[in-house]
Amino acid sequence: MKIAELTKAKSLKGEIIPPPDKSISHRAVMFASIAYGKSIVKNFLRAEDPISTMNAFRIMGIEITEARTQKSEVRNEDSRLKTQNSELIIHGKGLYGLKEPFDVLDCGNSGTTVRLISGILSGNPFFSVLTGDDSLKQRPMARVINPLKEMGADISARSGDKYLPMAIKGKVLRAINYNMPVASAQVKSCLILAGLYADGTTIITEPQKSRDHTERMLMAMGAEIEVEGLTIKVKGQGSRSKGLQPIDITIPSDFSSAAFFIAGALIIPNSEILIRNVCINPTRTGLLDVIKNMGGDVRVENMRDVSGEHVADIYCKSAGSLKAVKISGDIMPSLIDEFPILCVLATQADGVTEIRGAGELRVKESDRIKAMTTELKKLGVELEEYPDGIAIKGKASLKGATVESYHDHRIAMSLAIAALVAEGTMTINNASCVDISFPGFFEELKRITG
Ligand code: S3P
């Protein structure tokens, strides 16, 4: 497993195009597979998570051809070429065109793959088994299994229907009216997909607004979905012959990958960077509001619409100083994946930054509250851990140490940014997990580091 060693940077300078959006890449493959006809997906993220999704649909008989895009290749230090994106042609076979998988579907590290696919499989008349890596096998699945069972799905899973592996026998589903106990785009999307197979109108209400890529893409493909505030109504299409229309989509860069460079530019002196082509869907960009309150200089420029999503370039430069902030409540889902890098920003802000209402972070690829508490302490940061968040005292002088990634891509990348403002050398163990969402991350970082 790769170890990354990093030292203090003088600046971050230049232009970056982060890898394609992970959430949108998963959805494009899934929805195109159950649409009828040929879809074209440009700028698909060639990283481990979306590849798990692509493999699952190939096993279920969907023909997906892939052309790698030359300009996206980065050479890493052991001279291997890593490709961040490609163009896919997907021959969708309709809502009921998937074939029974002859083997277990291995979703790897990807919560989005397993939770969204379970909604599709629940409505398909065959038997399937889903599993994943050690991290995914410890993540809660009852949040999708319970409502899917209410819809009539036949599902069993390990440990009293709580954890992977899970076995699904597809059934004719009934529409339900479901109030989600936690804001989760994966759960919401699972139920929207199951709703497409149901016999009436499925109504889903979330407690807070989570990312809405599913609603946008399915509506563009002809699904009958209505969104009113926090409530989503999905008309079951099972009985209709037409189903979803294919798509021709260009996927923008991932804001969550851009976030590491935004934070880096703010805290490393003499930095000035332009991050191009980033998806700025408002359900994803809570970090920008927080940075504004911290007094950071980030400008969103050249806004445009691409394939139903808002896209822009993000210009950022070093902040003279940052102020501590208090964060909780409705903003959390819009910065859920940015928690680790926000903790790093907080170490460089004057005062105590408090992040609460973030209990969901305990069940991500790792327990991200525990991971950041443990690793930032090693760097000399004073902090307090709460069941649902953290309080971090800044501005701290970080000192390099040997730190753990917990095999969690976002922890590894956040600690890499912390290394660039720390004294001495930072050694990050198990750093190759960045390939989950950002192959070539360390090489890109090196390219723009002065
Ligand atoms: C995702 C939803 C979020 C997010 C994850 C991707 C998605 O998870 O943390 O990285 O693509 O729908 P939850 O639904 O568990 O909040």
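This is a predicted model: local features need pLDDT of at least 70, side-chain atom pairs count only at pLDDT 80 or more; totals for chains, interfaces and linings use all residues.
Residues are numbered from 1 along each chain as its sequence is written, and side-chain values use heavy atoms, with hydrogens and water left out.

Sheet to begin with. Helices (H or I, at least four residues) and strands (E, at least two) are DSSP runs, numbered from the N terminus. Strands pair if DSSP finds at least two bridges between them. Four strands form an open sheet in the order β8-β9-β11-β10, and the pairing is mixed.

Now the pair β9 and β11. β9 (residues 127-131) and β11 (residues 163-169) run antiparallel, joined by four bridges. Phe 127 has Lys 169 of β11 as its bridge partner.

Next, the helices on the sheet. Contact means heavy atoms within 4.5 Å. Axes are lines fitted to C-alpha atoms, for helices over the stretch in contact; angles run from 0 to 180 degrees between N-to-C directions. α3 (residues 111-122) lies across β8, β9, β10 and β11, at about 20° to β11. α4 (residues 142-150) packs on the sheet too, touching β10 and β11, and its direction makes about 155° with that of β10.

Last, the helix pair. The axes of α9 (residues 286-294) and α10 (residues 339-347) come within 12 Å and cross at roughly 5°. That makes α9 roughly parallel to α10, a label for angles under 35 degrees. α9 contributes Leu 287, Val 290, Ile 291 and Met 294; α10 contributes Leu 342, Leu 345 and Ala 346.

Technical notes
Angles under 35 degrees count as roughly parallel, over 145 as roughly antiparallel, 65 to 115 as roughly perpendicular and the rest as oblique.
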